[in-house]
Amino acid sequence: MPVYINNQQWLGAEDILEWLKKKGEVINRIQVDGEEYTGPPEQILNEAGREIKIETINIDQLIVETQDSIKTYIPKLKEGISRVAHLLQRGQENDACTMATSIIDGFAWLIHAVGAINALRPGYLPEAEIIAFKEISAGLLEAWRNKDFVLVSDFFEYELLPLIDRWGEILGSEDHLP
């Protein structure tokens, strides 16, 4: 099984994942026999007879790129939150619900990105902010289940929007690098 890491054939004797970890690198992309692979690296590295190409990225570089994506995404998320609140206030629940799906996906991505950075660099986003998000989410979900769209709108406008404003200030600060 030929394995290439950043276009160099792997000839090492130690575990590839451990070796990458020691170098401060993480896997960015894997190709198996010329096809994109998205499964767990451990699984494919144990299969014999296939050509595996691994591209890596430095953890610090990945964090910076993710931070940049977060900074770019937060204003878009704020705009979407405001739009959903406005649609709900105007009684356009169908349009608001459709758009809210994108907002939920956006929050999922944001929480995942922030969580990944926090795992590597604790304190990137303070735990209190994550707890606040969970509490707001629980109230929002309850209002949604009850189809109380006035309360849903209030959660979007008066709870989520200020939360994301705060996150934008915290995470967008130049001196807030982990």
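**A walk through the model**

Start by selecting helix H1 (residues 16-23): it lies across E1, strand E3 (25-32) and strand E5 (52-58), running at about 140° to E3. Helices (H or I, at least four residues) and strands (E, at least two) are DSSP runs numbered from the N terminus. Contact here means heavy atoms within 4.5 Å, and axes are lines fitted to C-alpha atoms, for helices over the stretch in contact, with angles from 0 to 180 degrees between N-to-C directions.

Before going on: this is a predicted model, where local features need pLDDT of at least 70 and side-chain atom pairs count only at pLDDT 80 or more, while totals for chains, interfaces and linings use all residues. Residues are numbered from 1 along each chain as its sequence is written, and side-chain values use heavy atoms, leaving out hydrogens and water.

Now color the strands. You'll get an open sheet of five, in the order E2-E1-E5-E3-E4, with mixed pairing; two strands pair if DSSP finds at least two bridges between them. Strands E2 (8-9) and E4 (35-37) stand at the edges with a single partner strand each, so one side of each has no neighbour in the sheet. Zoom in on E1 (residues 3-5), which pairs with E2 in the antiparallel sense over two bridges. Then pick Ile-5: its bridge partner in E2 is Gln-8.

Next, helix H3 (residues 59-89), which lies across E3 and E5 at about 70° to E5. Show Tyr-73 on H3 and Trp-109 on helix H4 (residues 93-120), 36 residues apart. Their ring centres are 5.5 Å apart and their planes at 70°, so this pair is edge-to-face. (Rings of Phe, Tyr and Trp, the last by its six-membered ring, pair with centres within 6.5 Å; planes under 30 degrees apart are stacked, over 60 edge-to-face, the rest tilted.) For another edge-to-face pair, go to Trp-144 and Phe-149, at 6.0 Å and 85°. Phe-149 is buried at 19% relative accessibility, while Trp-144 is partly exposed at 26%. The cut-offs are under 20% relative accessible area for buried, over 50% for exposed and partly exposed in between (1.4 Å probe, protein chains only).

Last stop, charges. A salt bridge needs a side-chain nitrogen of Lys or Arg within 4 Å of a carboxyl oxygen of Asp or Glu; the structure holds eight. Select Asp-165 and Lys-78, whose closest N and O atoms are 2.6 Å apart. Asp-165 sits in helix H6 (residues 149-172) and Lys-78 in H3, 87 residues apart. Finish with Arg-29, Glu-36 and Glu-55, linked in a salt-bridge network.
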